Amino acid sequence: MKFQSQDKAVSFETDFAGGKIDQLVELGGGDFEILIRPENEPINDSAWYAFRVHATNPRQINVRLRYEGGSHRYAPKISHDRVQWESAEHLIVARHPGGREVTLRLPVSDQVLWVAGQELVGNKDIANWVDTLAQLPFVDSSLAGRSVQDRPIHRIAIGNPDSREVIYALSRQHPPEVTGTIGMMHFIEALCGDTELAKRYREEFLTVAIPIANPDGVAKGYWRSNANGVDLNRDWLKFQEPETRSIRDDLVHLRGDQGKRLWLFLDFHSTYNEVFYTVPKQTKLFPDGFTTEWLKSLNGRMGDSTMLRDDGHNAHRSTSKAWVARELGIHAVTYEFGDETDRERIRKIAFGSAEEMMKILLDRKANLEPTASR
Ligand SMILES: [Zn+2]
């Protein structure tokens, strides 16, 4: 959408990937109200917004974000180039106690100002990231499939393609969960690193990753769903959507036709803090006790309660982790980063968790194999 104030001095736009506001009303006196609505209801309260604003000459405008079907979750971020983002919390001048409304006082000028719930990390950004990674000799990029609206679902494979041992990672089933994708990118980059540990890991394991599982939802600025209005992380029982089907088929094909042994499944998301959602601890999974050991070493390295664990969250059967644990019998973790966690801290946690994972997996694999003397 494009909107111009009556005096034609202030312009708002959402005609870019991920751009989303639902209605804009000029209240007069330099005040505007933006209505933010979900794609369907009821819905998880992940109220996404992203717009651009500029003015013919410098001025201050008040922009009230008004939510329907949800509330203010994502602290506003601003950017002048869409690349470098900063918090705009200090520009909030009024808040409705229930989170139904938040008013920002924005300094606008002829320089475009981007305003969004999170920094924009969209399909194009990820396609560029995949292309850059694929220049490494041990990274291969392909497509896992296509979305409802025919967008590519990128897939990268890192490490020894002939290895039998496979780790699978996934991100962005839920469009606004940008910090999950940022964490996944740092995690994958750690596996691609130049360290001895990463080199050994890549020799012994193949890592497959789907960086954006819901490209339509990301492009449309949805709160939760794919283009059919379905929460993909509730479709891992019926598999009615092309996105979930493609990923399931990939997992099944790896284990079946390709004869690979799957060790771990990670599904990156965002919530209010860092937490691993797992299936109940007593569930017997391969490799035995892996998640407990991994968490212990991660928290040992980063400090206690860096990463929490909740093994009773979303106990229903239609999430990716539930399906993978049940059908493939391996450790499956919904790996959550906080919405507002400092981005440098996200990098450190992602990197630390990747290193600890590599160490444990190499160790476990060495112990699985018959010793040379036998
Ligand atoms: Zn999520």
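Helices (H or I, at least four residues) and strands (E, at least two) are DSSP runs, numbered from the N terminus. This is a predicted model, where local features need pLDDT of at least 70, side-chain atom pairs count only at pLDDT 80 or more, and totals for chains, interfaces and linings use all residues. Residues are numbered from 1 along each chain as its sequence is written, and side-chain values use heavy atoms, with hydrogens and water left out.

**Exercise 1.** Find Glu-336 and work out which strand holds it, whether it is buried or exposed, and what it touches.

*Solution.* Start with the strand: Glu-336 sits in β19, residues 331–338. Next, check accessibility, where buried means under 20% relative accessible area, exposed over 50% and partly exposed in between (1.4 Å probe, protein chains only). Glu-336 has 6% relative accessibility, so it counts as buried. Now look for contacts, meaning heavy atoms within 4.5 Å. Not counting residues up to four places away in sequence, Glu-336 touches several residues, including His-269, Asn-273, Tyr-277 and Met-307. Finally, the record: an unreviewed UniProt entry puts the annotation "active site" on Glu-336. UniProt positions are given in the numbering used here, feature names are shortened, and annotations may be inferred rather than shown by experiment.

**Exercise 2.** Which residues coordinate the zinc ion, and where do Glu-177 and His-269 lie?

*Solution.* Donors are N, O and S atoms within 2.8 Å of the metal (3.2 Å for Na, K and Ca); water is not among the atoms, so sites may look incomplete. Here His-174 (ND1), Glu-177 (OE), Glu-177 (OE) and His-269 (ND1) coordinate the zinc ion at 2.1 to 2.5 Å. Along the chain, their spacing reads H-x2-E-x91-H. Glu-177 is in the loop between β14 (165–171) and α2 (178–191), while His-269 is in strand β16 (residues 261–271), so the pair ties together parts that are 92 residues apart in sequence. Glu-177 and His-269 are both buried.
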